[in-house]
Structures are given as structure tokens and as C-alpha cells.
Amino acid sequence: MIRMTRLLALTTALVAAPLAAQAESWTLSGKDSALHYGSIKKNTIGEVNTFTGLSGSVDADGKVKVEIDLTSVETYIDIRNERMVEHVFGKDNPTATITAQVDAGALEKLSPGEMSVVDVEGMLTFAGQDVPIETSMAVTRISDKRAMVSTDGMIMLTMAELGLDGGIDKLMELAKLPGITRVAPVTLRLVFDRGGKPVKAAAKAEPKKAETVMAAASGGDAAAGKKVFRKCKACHVVDKEKNKVGPHLVNIVGRASGAVEGFKYSKAMAEADLTWNAETLAGYLANPKKYLPGNKMAFAGLRKEQQITDVIAYLESVAK
Ligand code: HEC
């Protein structure tokens, strides 16, 4: 059982993610840590995105530094990842940094298995802008050598504060969206190992995409799906970025609809704003005309549900 010890807020500046006692430093485990943020478009579509490339440390004096590799942004749509880096963050700003000063002694008071909620004040530095952050964090001592610090509530970041308003305008224009929220809720899960060398998360390492999981969960058989794909071959290739009558389907699962540059989509497809995942593909492939009226895929649809899940499994299996 985890015992909750609510520490009182400590002094003025920069209180207590209480790592780094006994003059020991802690190193962030990139592969076990994550930063998630939420976004809402058109007032109704909520999405959770993440940065996979985190690294950092807490030194013996309690100075915390976490670096976020902005190019590791994962929005689950490739073109959107590219747009985020190019238009929102800016190519000249490859990293954002969070710094904080924490009470170097307090973690040692936690025994493995114990947790405490502490107030933390820190600074997010991004493209030359310093944005103060104040939040409460849950600190859990997982073992003697390992601790996890995670947001207790959420951190709300305002795009204007970060100087990102212009980039968001550009994104709206590119994606033809009437609105994207200007405040993003952010959550953090930071896992630190005592001492140790930094283990950087391989940026974009594992494609832990929601869509991937869904396709796998739908129980498709990729080998059977390869045969089903014969029905698509007259118009699509999936193994290279080459358009035929239809657009290429490389990495189609997780891709935004209408996203192949240079392919002339129908107006309906160009404006659809869908993400192709197990669910949307199933709907579209069962009955293209009905699912997306006005699209120009001259294909009657796959009648059997199994064929659909199989072909999706196949498309997924050949993804790069
Ligand atoms: C007769 C040609 C034809 C066949 C057969 C066909 N398609 Fe298509 N497909 C198209 C065209 C053309 C488009 C573009 C539609 C538009 O712009 O409205 C398209 C679009 C798509 C899209 C959306 C791509 C994007 O970039 O948004 C997917 C997914 C897709 N097809 C999958 C399939 C699958 C899977 C099959 C086989 C089960 C198949 N298609 C069979 C012609 C075809």
C-alpha cells in the first residue's frame, strides 16, 4: 500500500520535488518518461499528443533540468508532426527546457512505496521565452534507486505566452480548421534513476500509436489481408510513395485523409479531415460512397467484415 504523506509547502522559491539527497544526482529515464498535451479543434474534437524525446537530470543541489526534444512530437499524423515542427515550434528551436529547484533532502524521507504530493515552481524555456510554471506533483519512491514524479493535476500552457499564436494560426490555415484551442493542458510523467547515465528516449522510437493498437485489437490477419489487397491494386500501391488512380497508401493507418501531396483528391476527400485508423478505414472500405459522399474512389466496398479487418492488418503490417 502506498502511504500518502502530504508535505507542507516549503519556503518561497522552488519547493520540493524532493529528489537528490545525500549529494546524489538522479538521471531521467527517457524511455519511461512522457509529456502529454491535449488539444481541441473545432470545439468538439479532443486529441492527446505527446513528446517522446525527454532527457534530463536532478543534480546533487536539487537543480532539475528536463529537456524536451520538440522534433519528437507525436500527434499520430505524420504531416501534422511535420507542420508542428516547421510552423509552430520553428526549426530553429529544437528543444524546450524545464528547470526547477527542488528540496534535495526530502526524497530521502520517502521509503520505497511511499508517495507525497508537493508544490513545484519551475520555468519552461522555449524559443527564448521564459514561462513560469506552478503546479503540484506527485512524487513516488518506486524503489531505492528509482523515483517517479508526475503531475498531480494538469499544467495549463497558454499559446500566446509561449509565443506560439502565429504558428497556430498557420496550422489552422493549412489544415483548414476554423479553430484550435489556445490553451493546452499538459501532464508529465518523469522517472528518475539514482546516479546513472542518461538513457535518452530514441525520438520516435516505438510507434505506440493508438491506431496501431486498434488495428491489432481488431483481430485482422495480415496474410489474408494481402490477398484482399488484390482488389485495391489496380488503383493503389502500399510499398512505395507512388500514386496510381488512387493515392499511395504508405503508412495509411494513422495518416490524415487527403494528405498525399501532389495527388488530386476530390473536394470531399480533401476537406474530410479524418484520421485513417481501424474505425474510419472500416467505415470507408465497407461503403466508400456512403461513408464519404462525393469522394471519387470507384470501389463498391468490401462486403465482409473479416476482409476489412484483414486488409487493415495488412496495410498496417507493411507500414514503414
Ligand atoms: C478503381 C480504383 C480504386 C480501387 C479499386 C480502390 N481505390 Fe482507394 N482510392 C481511389 C481513389 C481515386 C481515391 C481518392 C478518393 C478521393 O480523392 O476522393 C482513393 C482513396 C483511398 C483512401 C484514402 C487515401 C487518402 O490519402 O486519404 C484509402 C484509405 C483507400 N483508397 C483505400 C483503398 C483500399 C484498401 C482499397 C481496396 C480494398 C481501395 N482503396 C480500392 C481509387 C481506388
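1. Met 154, Met 156 and Val 183 make a nonpolar surface patch of about 290 Å². A patch here consists of residues with over 30% relative accessible area and no salt bridge, with nonpolar side chains (Val, Leu, Ile, Met, Phe, Trp, Tyr) joined within 5 Å and like charges within 9 Å. Areas come from the Shrake-Rupley method with a 1.4 Å probe, and for residues only the protein chains shown count as cover. Val 183 belongs to strand S12, residues 183–194; helices (H or I, at least four residues) and strands (E, at least two) are DSSP runs, numbered from the N terminus. Val 183 is partly exposed because its relative accessible area is 37%; buried means under 20%, exposed over 50%, and partly exposed in between.

2. On the basis of this note: the model is predicted, local features need pLDDT of at least 70, side-chain atom pairs count only at pLDDT 80 or more, and totals for chains, interfaces and linings use all residues. Residues are numbered from 1 along each chain as its sequence is written, and side-chain values use heavy atoms, with hydrogens and water left out.

3. A positive surface patch is formed by Lys 226, Lys 227, Arg 230, Lys 233, Lys 240, Lys 242 and Lys 244. Lys and Arg count as positive and Asp and Glu as negative, while His and the chain ends are not counted. The place of a charge is NZ of Lys, CZ of Arg, CG of Asp or CD of Glu. Lys 226 sits in helix H4, residues 222–228, and counts as exposed because its relative accessibility is 51%.

4. The structure holds eight salt bridges, each defined as a side-chain nitrogen of Lys or Arg within 4 Å of a carboxyl oxygen of Asp or Glu. One of them joins Arg 194 and Asp 144, at 3.3 Å from N to O. This pair links distant parts of the chain, 50 residues apart: Arg 194 is in strand S12, and Asp 144 is in the loop between strand S9 (129–143) and S10. Arg 194 is buried, at 16% relative accessible area, whereas Asp 144 is partly exposed at 43%.

5. Lys 31 forms a salt bridge with Asp 32, with the closest N and O atoms 3.5 Å apart. Lys 31 is exposed at 61% relative accessible area, and Asp 32 is partly exposed at 22%. A network of salt bridges links Lys 31, Asp 32, Arg 146 and Asp 193. Another salt bridge joins the side chains of Lys 65 and Glu 67, at 3.9 Å from N to O.

6. Seven aromatic pairs are found in the whole structure. Among them, Trp 276 and Tyr 284 form a tilted pair, 4.9 Å centre to centre with 35° between the planes. Rings of Phe, Tyr and Trp (its six-membered ring) pair if their centres lie within 6.5 Å; planes under 30 degrees apart count as stacked, over 60 as edge-to-face and the rest as tilted. Both Trp 276 and Tyr 284 are buried. Tyr 37, Phe 51, Phe 89 and Phe 126 form one aromatic cluster.

7. Most residues other than glycine have a negative phi. Asn 251, not a glycine, has a positive phi of about 55° and is found in the loop between H4 and helix H5 (267–270). Asp 273, also not a glycine, has a positive phi of about 55° and is found in the loop between H5 and helix H6 (278–286).

Conventions: Buried means under 20% relative accessible area, exposed over 50%, partly exposed in between (1.4 Å probe, protein chains only).
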